[in-house]
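Me: Please take me through the labels used for this model, setting each value against its criterion.

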Amino acid sequence: MRARGLLWTAFVLVHVGLAWLCLFAPGLPLGDVTLVYRPWSMQLASGAPIVGIGSDWVYPLLAHLPMQLSLIAGEAAYGSAWLVLMTVLDAVAFAILLGDGSSRRRLAAAGWWVAFIALLGPISLGRIDSVTVPLSVVAVLIVMRRPLAASLLLSIATWMKVWPAAVIVAAVVALRSRWRIVFGGAVLSIAVVFVAFALGGAGHVFSFLSEQSGRGLQIEAPVSLIYVWQAAAGVEGAFIYYDPAILTYQVAGADVDVAIALMTPLLVLAFAAVALVGVVVVRGGAPVVRVLPAFALGLILVLIAVNKVGSPQYLTWLIAPIVLGIAWQGRRYTVPAVLALGLGALTHVVYPYLYWLLLSAWPPMVAVLTIRNVGYLVLLGWCIVELFRARRDVRGRRAERADENAMREWRESRMPASGVGRDADGQIRANPAVPPASEWLEEGISGVIRSGPYAGSIVLAAIDVPQHDDVPTYRLYLPAGEMTDASGERHLMDSLLEDDLRNDGDGGMIDLLTTALDVRWSTDPDEFDRARRMYDALHAPESRRKWKR
């Protein structure tokens, strides 16, 4: 509770500080909100033609929603209302992330989020991207349990700013509930397009795609560094200029048109390549908990690194997948978490207070931007390595179990009497309700008994770390020391029973338990944490073990 209170205090202080910077800091960090979003909102409110309906627009159609909501307090208070709205949205997502404050990994993820936006600066709250971040954070946190709701949230965010589509792609590839995710996104998208057509916007509803593909090289994009360094060196024909049509600074130089033409196809190819890596890893049996955060982060980094635009607010796109990675995997996500903090700090150096130095192509500031952009590629490389490492680990465990399965026999002391869950020859049948070993969390899985005297009770299958070359094993933590079958008359097995993790398709003690008591298992990290805490509270003397982290 104390940690949760400290995190909420930090959340409030950081958001108040960022809001003050947005309103009063040099460099006009809230300029897009007050000088661009507000006129669009006033235009819609006055009954004039709506951008995205009556004319082309750089944003998807649902971006109008937060812009119009900020007009509720009036034109003069538009900027302040925007900041209040961003803070409220962040607070809702932050509360869902923290939960009851008992998960150390979620506390760490929340702390990282606050630290990241503090280092990134006022741009964290001052763009339309700021709306999509809390929506995406909530979506990734619930995607395992409520894939349809997660899909709707991600689709709403995508129809404000396109980047959450990368998370949708990752979830569709990685999760078995992919068709519910596709269904949710399709329904929401059809509804948006239908409304646009009904309002007469058939020719403009997808204009945000052409607006992005037809623009030049924005000054902060990684590919633009070639021309920014040329401008810094005084190379003839290389310079930085302002494009009033899209309200941004771009670069010019030799063969810049060729680079502009190549970037969109290159982005598509790079995105497809990383997506293919994800497909290979998922088909190789890597667990969702290992795959989804790194996969989503990798796809997002492609959208940033292989892009004609490199706006500072793009850093906020990293929040959702890294929060998910920390919440699910804890210390395993130290490297990307620290790298992202560094990228946020470097971006804050560049924008907004000293941005004029970059516009002047001052070499030290160009060097800072270069380090930041190289950091994108380093982080992308980490994601790809992590995906292949997850696949390698699964293949290694499978080979280990296959070798051992040829020699091992059941320990007679752990074999209950023949009956339910066994073949005629006494062998235990595999139960398809037990998740494949390749999908288990690193700690194990949790379940709920649904029949018999202990219906409603939790059970845990906790993985024990193998010693030396031993086969990985799990231990069943049951609600009673001696468990009976569903009739309550026949002994089934004892609690704390240990068994080997088996190849998919092989039956073990967990299959026998599942068949006899109709256990519903879950590979959700949060459900495992809750089940572990409940078991510790109810069975403290017998559950004193070092839970694997």
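**Labels and their criteria**

Reply: V84, V88, V92 and I96 make a nonpolar surface patch of about 320 Å². This is a predicted model, in which local features need pLDDT of at least 70 and side-chain atom pairs count only at pLDDT 80 or more, while totals for chains, interfaces and linings use all residues. Residues are numbered from 1 along each chain as its sequence is written, and side-chain values use heavy atoms, with hydrogens and water left out.

Me: Why is V84 called exposed?

Reply: Exposed means over 50% relative accessible area, buried under 20%, and partly exposed in between (1.4 Å probe, protein chains only). V84 has 53% relative accessibility, so the residue counts as exposed. V84 is found in helix α4 (residues 78-98), where helices (H or I, at least four residues) and strands (E, at least two) are DSSP runs numbered from the N terminus.

Me: Why is R105 called buried, and with which side chain does R105 make a polar contact?

Reply: R105 has a relative accessible area of 8%, and therefore counts as buried. The place of R105 is in helix α5 (residues 104-120), and its side chain makes a polar contact with the side chain of D529 at 2.8 Å. A polar contact is a pair of N or O atoms within 3.5 Å; within protein, one must be able to donate a hydrogen and the other to accept it, and residues adjacent in sequence count only if both atoms are side-chain atoms.

Me: How do you know that W8 and F11 form an edge-to-face pair?

Reply: A pair of aromatic rings is described by the distance of the centres and the angle of the planes. Rings of Phe, Tyr and Trp (its six-membered ring) pair if their centres lie within 6.5 Å, and planes under 30 degrees apart count as stacked, over 60 as edge-to-face and the rest as tilted. The structure holds 22 aromatic pairs. In one of them, W8 and F11 lie 5.3 Å centre to centre with 75° between the planes, which is edge-to-face. W8 and F11 are 3 residues apart in helix α1 (residues 2-24), so about one helical turn separates them. W8 is partly exposed at a relative accessible area of 27%, whereas F11 is buried at 5%.

Me: What makes the pair of Y314 and W317 stacked?

Reply: Their ring centres are 4.1 Å apart and their planes are at 25°, so the pair is stacked. Y314 is buried, with a relative accessible area of 6%, and W317 counts as buried at 4%.

Conventions:
Patch = residues over 30% accessible without salt bridge, like charges linked within 9 Å, V, L, I, M, F, W, Y side chains within 5 Å. Areas by Shrake-Rupley, 256 points an atom, 1.4 Å probe, with all protein chains shown as cover. Salt bridge = Lys/Arg side-chain N within 4 Å of Asp/Glu carboxyl O.
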